[in-house]
Amino acid sequence: MRSPSSRLLTAVSALWPARLMWVATAVAAMWSIGGAVDARSSALRWTLAAGGWGVWGLGIVTLVVPSALGLTLVRMLSALTCAVSAVSWVGGAPSGAGIVFVLGALLFATVVFSAAFGQQCVQASAYGDEHRFLLRPPAAFLVPVVVSGVIWSAALITAPLLLASRQWVAGAVLAALAILATWLVVPRFHVLTRRWLVLVPAGIVVHDHVVLAETLMVSRRDVAAVQLALAGTEAADLTGPAAGHAIEVALKAMTTATLAPTRAAPRGRALHLQSFLVAPTRPGAFLSALK
């Protein structure tokens, strides 16, 4: 495997396209939002300007200093930007400016939600000689994530607009909802970003506190085979379950994994296995790095 310093340099330099796209999206946002609020009150214009610069600055920080937490934040900001672009377009932005802003926001979201971008961010904050690979989210998480993200975005956008329009009661209620939603969703979104399949010199590590109560560590000398999982495999499913191709890790002897607590098993459950499935977002890259 490559040295930690070379992997870190690759991770940081690979983020330049996203950084440039974020700057371009900010320019489109100023054009679109400016047109939408040109005839509105100065309080509303200043509120939107302050919020816009705050979002843009936070995005710049997460892209200049990539990390696992930064990945969570920049993905949330990209979703928020998509919502803002749609609101500004519907809210009176010139058609050309609105379209450019919407397309720029969607393109930026496509980049930051990609598997390659995600891996670069989590690798940038890796410790020592380890190579991290993000795991795909369990399918059961997708709908709750989308619904909570929509509620969070709506509250965060609407609250300052109501307050700037002197609708104090409704604005205060939505501001409280926005703060509560932020406090609730950031840790829950971040736990999905902290799900990794990790290569270390000693072996393979499954770091996944959604599926596992404890990190599963497998020594390299105990690994019999690692390959794309075949249909009908009897390996223990530690993917969530998640859609898409899975990696099957076969061991030379039995080992024990502790599953995360559930209502049926509040203390978790011990699972004895000799092979297991994991679902990295880039299975081919993981298999190549394993060689």
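# Charges, cover and loops in a predicted model

Modeller: This is a predicted model, and the structure holds two salt bridges.

Colleague: Which residues make them, starting with Arg132?

Modeller: Arg132 pairs with Glu130 in a salt bridge whose closest N and O atoms are 2.7 Å apart, and both Arg132 and Glu130 are buried. The other pairing brings together the side chains of Asp208 and Arg195, at 2.8 Å from N to O.

Colleague: Then what does the Glu248 side chain have a polar contact with?

Modeller: The side chain of Thr233, through a polar contact of 3.0 Å. Leaving aside neighbours within four places in sequence, Glu248 is also in contact with a set of residues that includes Ala225, Val226, Leu230, Phe276 and Leu277.

Colleague: Changing topic, which residues make the nonpolar surface patch?

Modeller: Trp89, Val90, Ile99, Leu103 and Leu106 make a nonpolar surface patch of about 510 Å². Helix 4 (68–90) and helix 5 (95–112) each supply at least two residues of that patch, and the largest share, three residues, comes from helix 5.

Colleague: Why does Ile99 count as partly exposed?

Modeller: Ile99, which has its place in helix 5, counts as partly exposed because its relative accessibility is 38%.

Colleague: How many residues of helix 6 are buried?

Modeller: Eight of the 10 residues in helix 6 (residues 115–124) are buried, so that the helix is mostly covered. Among the buried residues of helix 6 are Phe117, Gly118, Cys121 and Val122.

Colleague: How far is Pro138 from Gly118?

Modeller: Pro138 and Gly118 are 20 residues apart in sequence and 16 Å apart in space, taken from C-alpha to C-alpha. Pro138 has its place in the loop between strand 1 (131–134) and helix 7 (139–164), and Pro138 counts as buried because its relative accessible area is 1%.

Colleague: What is Pro138 in contact with?

Modeller: Setting aside neighbours within four places in sequence, Pro138 is in contact with Leu192, Arg195, Val210, Thr239, Gly240, Pro241 and Ala242. Within that list, Arg195 is the partner of Asp208 in a salt bridge, and Gly240 and Pro241 are joined by a cis peptide bond with omega of about -5°. Pro241 lies in the loop between strand 6 (236–237) and strand 7.

Colleague: Which residue has a positive phi although it is not a glycine?

Modeller: Arg166 does, with a positive phi of about 65°. Arg166 is found in the loop between helix 7 and helix 8, and Arg166 counts as exposed because its relative accessible area is 64%.

Colleague: And His190, buried or exposed?

Modeller: His190, which is found in helix 8, counts as buried because its relative accessibility is 16%. Apart from neighbours within four places in sequence, His190 is in contact with Ala68, Leu69 and Thr72.

Colleague: Last one, what about the whole chain: how many helices and strands are there?

Modeller: The protein chain has nine helices and eight strands, and its C-alpha atoms fill a box of roughly 70 × 45 × 30 Å along the principal axes. Of its 291 residues, 41% count as buried. The accessible surface comes to about 14900 Å², and 69% of that surface belongs to carbon and sulfur atoms. Among contacts with a separation of 6 or more, 69% are between residues 24 or more positions apart.

Methods
Residues numbered from 1 in each chain as written. Predicted model: local features only at pLDDT ≥ 70, side-chain atom pairs only at ≥ 80, totals over all residues. Heavy atoms only, no water. Polar contact = N/O pair within 3.5 Å; in protein donor to acceptor, adjacent residues only side chain to side chain. Contact = heavy atoms within 4.5 Å. Patch = residues over 30% accessible without salt bridge, like charges linked within 9 Å, V, L, I, M, F, W, Y side chains within 5 Å. Areas by Shrake-Rupley, 256 points an atom, 1.4 Å probe, with all protein chains shown as cover. Salt bridge = Lys/Arg side-chain N within 4 Å of Asp/Glu carboxyl O. Helix = DSSP H or I, 4+ residues; strand = E, 2+ residues; numbered from the N terminus. Buried < 20%, exposed > 50% of the residue type's maximum accessible area, 1.4 Å probe, protein only.
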